[in-house]
Amino acid sequence: MSDSAVTRPDTVALYVTCLVDLFRPGVGMAAVDLLERAGYRVEVPDGQTCCGQPAWNSGDEAQARELARRAIRQLQGYAHVVVPSGSCAGTMVCHYPTLFADEPEWLDAARDLTGRTWELTRFLVDVAGLPADSLGPCQGIATYHDACSGLRQLGIREQPRKLLGAVQGLSLREMEDTDTCCGFGGTFCVKYPEISERMVSNKVERVRESGADMLLGGDLGCLMNIAGRMQRLGVPTRAYHVAEVLAGTADGPAIGEKER
Amino acid sequence: MSSARDNILRRVAAALDGRNGNRGTGSPSGGHDHPSDASPPRPQWEGALLDRFLDRLQAASASWTGVDTLDAVPTTVVDYLADNGLAPRLRVAPHRLLQNLSWPDQLEITTGTDPQGLDVALSVADAAMAETGTLVLCSGPESPTTLDFLADHHLVVLRREHILPYMEDVWASLRRRPDFPPRSLNYITGPSRTADVEQTMQLGAHGPRSLHVLLIP
Amino acid sequence: MQLSPERFRSQAQAALRDPTLQQALSRARSGFIDKRRKGIHDIADFEALRERGRRIRDLALSQLDHHLEQLESAVRAAGGQVHWAENDAQAREIILGLCRQADAQRVTKSKSMVGEEIAINPALEAAGLDVVETDLGEYIIQLAQEPPSHIIAPAVHKTRQQISELFDTHHHQGALKARLREIPELVNEAREVLRDKFLSADVGITGANFLVAETGSIVLVTNEGNADLTHTLPRMHIAVAGIDKVVPTLDDATTLLRLLGRSATGQAMSCYTTFVTGPRRADDPDGPGEFHLVLLDNGRSRMLAGPYREMLRCIRCGACMNHCPVYSAIGGHAYGWVYPGPMGSVLTPLFRGLENTRDLPNACTLNGRCASVCPVKIPLPDLLRQLRAEQFRRNITDSRTRWGLRLWGALARRPALYALSTGLAGRLLRLLGGKRGRIRRLPLAGGWTASRDFPAPQGPGFRQQWKKRQTERKPV
Ligand code: SF4
């Protein structure tokens, strides 16, 4: 926080999210790469853990508040905070202010963070002004799942499509019900596994019908859910985070695939 | 013991005035402060009021015939019954517009509200709205509601000048009547229908199977 | 077994395993969504209409006591009577008393969710009255002795085959051998059977879509026309409505009607929208001799006082359940009470108590589609989350979730420990994933792996990769 460099307008703090950190670090690296290509300096503030979303959505407001305070402190001073997840960004942007409705000081800080925090694809399009001509490459036909939080809390719909449109070799084929929930829902999918199974099965059916050979999305939770179901059902469509395709690193193993 | 009424109203008032309460500031007597009161969002259309009305009327599965004069209503009705293979029997509402019509002998005319023999009913609309192709019928001495719902086929006489653009206009017009509001004010948009069996639309659920407008000048 | 919100889990599981129900649900799913999408087209700024609807409802609620008193005097001025019920039992008592007063034997009913809420049918039947539901969907489920599974399409869970069988049993004593029949035939048969009931009813009971304070009118919206036959033909009309249903003026009702039809069925206007004001006038040729309005609180004034007031804006259009992927997976009966889907998951805990409805606020992914279509902009996911918070505060949240959160919180507050444990977990998961890159069965995550593979982490964690990259770059 004391480093004055962090306030430079060309510096971005990457909030990597716990799922990306643990399961798909390549998404984080792809995000770094994209931000640098767009001319930004990327920093990864130390001590990042969890934005508090699981606690907030489970009704544990005290814990959510505590984790939010940590994140607000860590991300203080940065001109931009970029998150490769619509649901974590949505928590920060839409819910942090609600959490501190009764704490004026923190409320100000939360609102300040809200104004600086972006989901990755939205940042790339609305702030950084991509697509430049150099996205990808990636060969294949992709279909895009609109993850709910990004779509409805942050209005992300056109941005990833615009970016994907600029990827060499990639064509986008929309599935039906692209805005219908996949049944992940954080703890929902383990609390109500049978309902979640039906929802994700419907989603997989739409993916399959689209005939695409890749499923893309902006939220790792949803992607792990859909990919896991596709693999269990033997559907060969491969799942990647949109950042991997944009950065041209989607030639490696897809989510849940073995290392080659 | 205090009455349920007093208890409920007391609780409501406490909820509105209490610590977390927030009582509105608009006048309690119905005056309300919508910022955009001038133009509520509602359907817009280009072209004539009449065209819009007839277009919406047909979209609601109703039909219509233009009639040159009131006196020509009986022959139009006879033709309509013949064209649709309906028995020459008509229940006529006791409406002043219909009182002096001369009905042909082959048509059996009945009056009253007896459900027996109520195959085809003829009533008069008080207004209509172009917004949705809707007829407005007010119950009253000249307009028994029973006819509008028990008949298998419903014929409605509508004066062209009674077609108004929007529901707000209908209210403004009806409010001027001394007997407003009537017991039953019916906005009727097409014939009765149901989609309760497998979400498939089927006309003629409980009310009329067909709705036909006789449009007079 | 009687449905109950406490048995949400098992009811949902049963629904998922019922192929006939699943067939009916998948038919309904896209239909409602398409109809609404097309229906809102003719209003250029539908969002502005939603905002106006929200404001009208908020303003009406913010002066509810005044509007109720105004409504009461307007109903009286029109010759009707107003009755107040603090709870369901009082409402039943009032209605039963009125039916006795009318010396009634047969009662026709037009679909009313408040009627379901106060369970009026069993009460009247127990008193020896013949109660007939007249909305076709309600009639079907009355024959099946089931509660509605949807607030505007109560028999949405029934297939044509099931309806053919019900009609065969009840109208033909099984003579048709359960033959599958065409829809027009079924609708016609119901029309004939119910026509007799309409004509012989002594009392007609309706709900009310809205109550208009300035005129004392109740608003009834149907496509079938059954509400109009119900309130016009018998000697007495009883309308029962929640106190939340009042709007100040006819113009307010107009805006809400524009929202209601489009949101519910995609119709700009339902076939029959009726404003009923009082009983038959001295010179009227028809209509009931008596009109009674029963106003029900049943917890609504409590909702008005608390953090869930916004739920009272609800105009019962059903759009939230039509767009809910959970509802469309399990149908309405799984929710266990009168109000299903997202609105029910908020309302049922408020009516029946959080401790009796543990699952309802939680069985939702918070995907927000319901709120995005709600015509009066009720923030349903936020209200569900608030209910979860209340469960947590009151210690109703299940202990597994509690412990899980506690453990996660302990880690997430200690970055070093967090890094260590996630690093270890990552290594373990990669080990389990082996060459496949995914895990087919994972202890403690059986809910996931019962139907999904679990992806093994890809290489060492991000933090490690990032550090490595930084040191490699340092010399530059
Ligand atoms: S909550 Fe909103 S969408 Fe759901 S029934 Fe009520 S008004 Fe309709």
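Let's start with chain C. Take its contacts between residues at least 6 apart in sequence: 72% join residues at least 24 apart. Contact here means heavy atoms within 4.5 Å.

A word on the ground rules. This is a predicted model, where local features need pLDDT of at least 70, side-chain atom pairs count only at pLDDT 80 or more, and totals for chains, interfaces and linings use all residues. Residues are numbered from 1 along each chain as its sequence is written, chains are lettered from A and ligands numbered from 1 in the order in which they are written, and side-chain values use heavy atoms, with hydrogens and water left out.

Back to chain C. It has 22 helices and 12 strands. Those are DSSP runs, numbered from the N terminus: helices are H or I, at least four residues, and strands are E, at least two. Along the principal axes, the C-alpha atoms of chain C fill a box of roughly 100 × 60 × 45 Å. Chain C has 476 residues, and 64% of them count as buried. Buried is under 20% relative accessible area, exposed is over 50%, and partly exposed is in between, with a 1.4 Å probe and protein chains only.

Now chain A. It is divided into domain 1, residues 11–126, and domain 2, residues 132–246. Those bounds come from an automatic or database domain assignment. The C-alpha centres of the two domains lie 22 Å apart. The contact takes 27 residues from domain 1 of chain A and 24 residues from domain 2 of chain A.

How much area is buried between the two domains of chain A? About 2,000 Å², with carbon and sulfur atoms giving 66%. Buried area is the accessible area, by a 1.4 Å probe, that two parts lose on being put together, summed over both. On the domain 1 side, Arg24(A), Thr121(A) and Val125(A) supply 23% of the area buried against domain 2, more than any other three residues.

Arg24(A) comes up again. It forms a salt bridge with Glu244(A), the closest N and O atoms being 2.9 Å apart. A salt bridge is a side-chain nitrogen of Lys or Arg within 4 Å of a carboxyl oxygen of Asp or Glu. Between the two domains of chain A, the count is one salt bridge.

Next, chain A against chain C. Here 68 residues of chain A are in contact with 66 residues of chain C. The two chains bury about 5,900 Å² between them, 58% of it on carbon and sulfur atoms. Which count of salt bridges goes with chain A and chain C? Six. In one of them, the side chains of Glu36(A) and Arg469(C) meet at 2.5 Å, N to O. By class, the chain A side divides into 28 nonpolar, 20 polar and 20 charged residues. Ala, Val, Leu, Ile, Met, Phe, Trp, Tyr, Cys and Pro count as nonpolar, Asp, Glu, Lys and Arg as charged, and the others, Gly among them, as polar.

Thr449(C) is found in helix H21 of chain C, residues 446–449. Is Thr449(C) buried or exposed? Buried, with a relative accessible area of 5%. Leaving out residues up to four places away in sequence, Thr449(C) touches Arg232(A), Ile439(C), Arg440(C), Arg441(C), Leu442(C) and Phe454(C).
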